[in-house]
Every structure is written in structure tokens, then in C-alpha cells.
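Hello,

Here is the structure I promised to pass on.

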Amino acid sequence: MERDIFNPDIQAAPVYPVAFKIQNQKHLDEFPTYEIADPQIELTEDGNINFQLFCTIYLDSEFLKNFSDRDNFIYLNVLSTNDQQQEIYLTQQRGEFPTDQGSLITYSFHVVIDKENVEKFKLDCLKVQLAITQKHEGEMGIAESIRVGRFLNTVIPIKK
């Protein structure tokens, strides 16, 4: 697999995203189905950000064979993208995934960012990253492990 020449931080992680979508919470409340995807994040009436992110990943047989006896975690990082400042971590979430459930695993993350941070960081887009690691929260080297295990790095616009 070739490296992404546009972002040298994306490594050839041993998992592959096969489906990815967001759904604003107000749409989930109105139409409680996971079949609908939103093309962008919409602010709530209160000015908050509130959405669900769904991702299905494929684990190849080599990964399943070599990592089935270890703890495996998927991390979601959500960062600001304002060009006037460094990227700011707005939220980080962790999920465990068992390797005994087959090669396709679906995750859902609920992301909420309050109005204060939307305004403070002048958010017009969010950078969303997904990564895998065998490191536990707080363990030495976890930041580098998440960087190396990153398999999705995208920007999602915010409709105001």
C-alpha cells in the first residue's frame, strides 16, 4: 500500500474504513433511522454541535491473526481547523473492539461541542480523525501510537 503523499502523518494502518457517515442529532430525533447521512454538521438551535459519527472498518486476516490476543482500541479525535491558530483538540473518545466478531466492525460515536467552544474557536469545520492502537489511556507513547495508527483523517464543514 502506498503512503498518502498529501499527508505524511497517515500511515498504512492495518484497518480500512469501508463506510463513514455523520448524522446530526436533530435528524436522528426526527427520523430515528441510521439510513440517512448528513453532508455537513449543523448547529443546534442553542448553537451547539451535536452529531453521531458512524464508521464501519474492515480488519484483514493478518490483523485478526496477529492482534486477537491483545487489547485493541479505536480513537476518535475531533479538532478545530481555524487557519488562525494551531489545531485544538475539542474531544477525544475511545472505544474497544473485539477481534472475535469477524472482519467488519461498525462503531458509533456521539460528539457534542458546546456553543462556547464553537464561538471561542470560530469553528466553521471540524477535523475528524480515527485511529487504532493497542495502548491504554494514559499509557506512555499513546499519542504517537494514535498518530501511527490513524486510518481516517477528514474535514467536515459546519452549516451555520
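Below is what I found in it, from the overall fold down to a few side chains.

This is a predicted model, in which local features need pLDDT of at least 70 and side-chain atom pairs count only at pLDDT 80 or more, while totals for chains, interfaces and linings use all residues. Residues are numbered from 1 along each chain as its sequence is written, and side-chain values use heavy atoms, leaving out hydrogens and water.

The protein has four helices and eight strands; these are DSSP runs, with helices being H or I of at least four residues and strands E of at least two, numbered from the N terminus. Along the sequence the pattern reads β-α-β-β-α-β-β-β-α-β-α-β. Take the contacts (heavy atoms within 4.5 Å) between residues at least 6 apart in sequence: 70% of them join residues at least 24 apart.

Of the 160 residues, 44% count as buried, meaning under 20% relative accessible area with a 1.4 Å probe, protein chains only.

Now for the rings. There are two aromatic pairs, where rings of Phe, Tyr and Trp (its six-membered ring) pair if their centres lie within 6.5 Å, and planes under 30 degrees apart count as stacked. Tyr107 and Phe109 form a stacked pair, 6.2 Å centre to centre with 15° between the planes. Tyr107 counts as buried because its relative accessibility is 9%, and Phe109 is buried at 5%.

Lastly, Lys21 lies over the face of Phe54, 5.7 Å from the ring centre; the rule asks for NZ of Lys or CZ of Arg within 6 Å of the ring centre and within 35 degrees of the ring normal.

Best wishes

Definitions and conventions
Buried < 20%, exposed > 50% of the residue type's maximum accessible area, 1.4 Å probe, protein only. Phe/Tyr/Trp six-rings, centres within 6.5 Å; stacked < 30°, edge-to-face > 60°.
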